[in-house]
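Subject: Handover of a structure and findings

Dear colleague,

Please find below the structure that I am handing over to you. My findings follow it, and I would be grateful if you read them with the coordinates open.

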Amino acid sequence: MARRTLPILKQLLHSSRGSSSDHLIARLGLSCLESKRTVTYMPRPGDGAPRAVTLVPGDGIGPLVTGAVEQVMEAMHAPVYFERYEVHGDMTKVPQEVIDSIRKNKVCLKGGLATPVGGGVSSLNVQLRKELDLYASLVNCFNLPGLPTRHENVDIVVIRENTEGEYSGLEHEVVPGVVESLKFCSERIAKYAFEYAYLNNRKKVTAVHKANIMKLADGLFLESCREVATKYPGIKYNEIIVDNCCMQLVSKPEQFDVMVTPNLYGNLVANTAAGIAGGTGVMPGGNVGADHAIFEQGASAGNVGNEKLVQQKKANPVALLLSSAMMLRHLQFPSFADRLETAVKRVISEEKYRTKDLGGGSTTQEVVDAVIANLD
């Protein structure tokens, strides 16, 4: 192995003359990453049959980035096919045929849906999560080789409750000018966070709360986390107040591993962590329940983009491409997920094709073409 590796290292050193040492380290790191082989995945007979996935392009940049995923899936002959449905944020509710499709297929890939502010109009994102009981939202915020950020060694998984707390929508106007909102929580999000950490060899779970003020509601959340933590003695558990959490995130984010939060705090924490690790345009995520899963851009800020991005066709497809890799792994197609992730990371590392949010000027299609060219 050493004899084979030495010429490769020499070639990399020779080809990188005149470039920065950071760029060389990134290339070497990516080369090592690509050379790894996981333990052979042994599928059950019939597991290779193509799987149907419900596709909701959504609003704004949604059709652009979901189209990018379709192209890449076709290029690598992934064993999935899409059932497309048009859903938009200004609809009063999600069409029943879309719900039925997701129930049948159990998996959905979704672009961003615009959420009206105020006016009593319900968010379709929240409707989908409640209808399908997708109670756990997962956003993975991590450094990408070749993408410079203020902090290094960031690899945070934010797991937030998706259907309870403030997002349960239990609010009403008692008398004109007086609105009452109810907040509740169960222990299943704590169970999911510890189970995720256990199955993914994560070492620490941090509960984010505001129990110093909301002593009953967030106090119940902490009680649940503490009780579940006793069943996982190999995982370190700690707690942090949400305002201190935000300060610690922007000053020393590498201290966090898995974070479990109620839904409102988690939305803020996930977007903050995404911004620290490289931007919302590159962070994958998904929503999962006992029976169904929806994969979409991890951090919600900017998931619809602005009209100028749509007109110029320069939306960043990386976040949804990485989310689709999560989807492939969820469907038990790990080799396809690895190929897609490796191709995306290689394109980022090479620094040639990047959209405006990453400091470049590439179009969505140029990034997609680069990813396809780097598929093994």
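Helices and strands are DSSP runs, a helix having at least four residues of type H or I and a strand at least two of type E, and they are numbered from the N terminus. Please note that this is a predicted model.

Overall composition

On that basis, the protein has 13 helices and 12 strands. It comprises 376 residues, of which buried residues make up 50%. Among contacts with a separation of 6 or more, 74% are between residues 24 or more positions apart. The protein exposes about 18,800 Å², and carbon and sulfur atoms supply 55% of that area.

Two loop residues with positive phi

Glutamate 351 lies in the loop between helix H12 (334-350) and helix H13 (364-373). Its phi is near 65°, a positive value in a residue other than glycine. With a relative accessible area of 42%, glutamate 351 is partly exposed.

Asparagine 201 is likewise not a glycine, and it has a positive phi of about 55°. This residue is found in the loop between H6 and strand S8 (204-209). Asparagine 201 is exposed, its relative accessible area being 57%.

Nonpolar cores

The largest nonpolar core contains 88 residues, and the members that touch the most others are Ile159, Leu328, Leu340 and Val371. Helix H11 (residues 318-330) contributes the largest share of this core, namely eight residues. Domain 1 (46-115 + 123-138 + 282-375) and domain 2 (150-277) both give residues to the core, so it lies between them.

Leucine 340 deserves a separate entry. Leaving aside residues up to four places away in sequence, leucine 340 touches Val72, Met76, Leu321, Ser324, Ala325, Leu328, Val371 and Leu375.

Aromatic pairs

The count of aromatic pairs, taken as rings whose centres lie within 6.5 Å, comes to five. Phenylalanine 194 belongs to helix H6 (residues 188-199) and tyrosine 237 to strand S9 (residues 236-241), so the pair ties together parts that are 43 residues apart in sequence.

Phenylalanine 194 counts as buried, at 0% relative accessibility. Ring pairs also link Phe194, Tyr198, Tyr232 and Tyr237 into a cluster.

Cysteines

How many disulfides does a search of the whole structure find? The search returns zero. A disulfide is a covalent bond between the sulfur atoms of two cysteines. For cysteine 246, the closest cysteine sulfur is in cysteine 245, at 5.4 Å, which is too far for a bond, because the cut-off is 2.5 Å between the sulfur atoms. Cysteine 246 counts as partly exposed, at 27% relative accessibility. Cysteine 108, by contrast, is buried, with a relative accessible area of 0%.

Yours sincerely

Technical notes
Residues numbered from 1 in each chain as written. Predicted model: local features only at pLDDT ≥ 70, side-chain atom pairs only at ≥ 80, totals over all residues. Heavy atoms only, no water. Phe/Tyr/Trp six-rings, centres within 6.5 Å; stacked < 30°, edge-to-face > 60°. Buried < 20%, exposed > 50% of the residue type's maximum accessible area, 1.4 Å probe, protein only. Core = buried A, V, L, I, M, F, W, Y, C linked by side-chain atoms within 4.5 Å. Domains from an automatic or database assignment. Contact = heavy atoms within 4.5 Å. Areas by Shrake-Rupley, 256 points an atom, 1.4 Å probe, with all protein chains shown as cover.
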